[in-house]
Amino acid sequence: MDTMSCWNASTSDYSTMNGANGARSNKLPSSRYKGVVPQSNGRWGAQIYDKSHRVWLGTFNDEEEAAKTYNIALLKFRGLDAITHLSRSQMKPYGRDVTEALFLESHSKAEIIDMLRKHSYANELEMYKHKLHNGGALGLDDGGKRTKCYLDLMDTCSRERELLFEKVATPSDVGRLNRMVIPKQHAEKHFQVHLSVGFGKGVLLKFEDELGKVWRFGYCYWSSSQSYVLSKGWIRFVKEKKLKAGDIVMFQRSVGEDKKLFIECRPRKVDVSRIEEMHGRVAGPLATVQDDGVVRLFGVNIS
DNA sequence: CGATGTGTTGAG
DNA sequence: TCAACACATCGG
């Protein structure tokens, strides 16, 4: 249920007795889920607020069904940002993928609401997927051009990436040698060019940083250290990013068709033990890597 | 008639 | 912005 926003159950009052006479209270039970309201007949309503205006999303037998409905409406009303902030692993259980984003984008709010109220959203989405996958003109408008929506989505998709490995920058990595050592194990696993990287001669590897800026680094085998190095162009990256020894350099690759390489860096971990003492609690990691490689910062997918 | 969804309020 | 609640309106 990770895409369902769970309402604070401690605030909902499930007491069903009136203290004095022991009679059943007619008070309805609160829902655990945001956007879900009880109905007097035991069913559940779903509603979402759109700019201080309440939009009714229909009634449902299951509280969870109402919550799912609310979440779909959330995707439509709060925009695609809501989708891209979900990691792949969160989307999978709900089949939330780029196709669903495309589906949401190609229907008006009114149409989506209508489907939700009629409980036909899942069917419509399924039909839409078939249409696309059975040779339909994927993302093509009347003139045969890619629609803006399609391009936006492909762009979003191409930004999705997995972490290949991280390296803590050594003093020599950020020094005047103009090269960064890539540990052999990672180089041979992820940069599948080592066969063509002979002694002395190398290839150029192309990376993008978090701002989309392109970086090309020479890449070759460095026999003296028995490992591979990023060389030509590396020092420019060090200078521009103000990379210091101890900082962490992350190597990523897009999971989409194009398999682009990305390079990003972040400051070495600050010592938070002092802060933890002061606050009397242990803070979670600033950044973590999930088992599917999706990078999260403050609990938000920053891929 | 029961079910649905709106009017309205007040808390946060 | 949001859920709680009352109740008008819908529709079989």
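This is a predicted model: local features need pLDDT of at least 70, side-chain atom pairs count only at pLDDT 80 or more; totals for chains, interfaces and linings use all residues.
Residues are numbered from 1 along each chain as its sequence is written, chains are lettered from A and ligands numbered from 1 in the order in which they are written, and side-chain values use heavy atoms, with hydrogens and water left out.

**Helix α1**

Helices (H or I, at least four residues) and strands (E, at least two) are DSSP runs numbered from the N terminus. The buried residues of α1 include Glu63, Tyr70, Ile72, Leu75 and Phe77; buried denotes under 20% relative accessible area, exposed over 50%, and partly exposed in between (1.4 Å probe, protein chains only).

**DNA strand B**

Next, select DNA strand B together with the residues that surround it, among them Gln39, Arg54, Trp56 and Arg117. A residue is near a strand if one of its heavy atoms lies within 4 Å of it. Strand β3 (residues 53-60) gives the most to this surface, with 4 residues. Display the side chains of Gln39 and Arg54: a polar atom of Gln39 lies 3.2 Å from a base nitrogen of DNA strand B, and an N or O atom of Arg54 is 2.5 Å from a base nitrogen. The side chain of Trp56 instead places an N or O atom 2.9 Å from a phosphate oxygen.

**DNA strand C**

Move to DNA strand C, where Ser30, Lys34, Gly35, Tyr49 and Ser52 come nearest of the 12 residues around it. Of the atoms of DNA strand C that come within 4 Å of the protein, sugar and phosphate account for 62%. A side-chain N or O atom of Ser30 is 2.3 Å from a phosphate oxygen, whereas Gly35 uses a backbone N or O atom, 2.5 Å from a phosphate oxygen.

**Strand β10**

Finally, select residues 261-266, strand β10. Because 5 of its 6 residues are buried, β10 is largely enclosed by the rest of the structure. Strand β9 (residues 248-254) runs antiparallel to β10, joined by 6 bridges, and Phe251 stands opposite Ile263. Strand β6 (residues 203-208) runs parallel to β10, joined by 2 bridges; there, Glu208 stands opposite Phe262. Two strands pair if DSSP finds at least two bridges between them.

Notes. A polar contact is a pair of N or O atoms within 3.5 Å; within protein, one must be able to donate a hydrogen and the other to accept it, and residues adjacent in sequence count only if both atoms are side-chain atoms.
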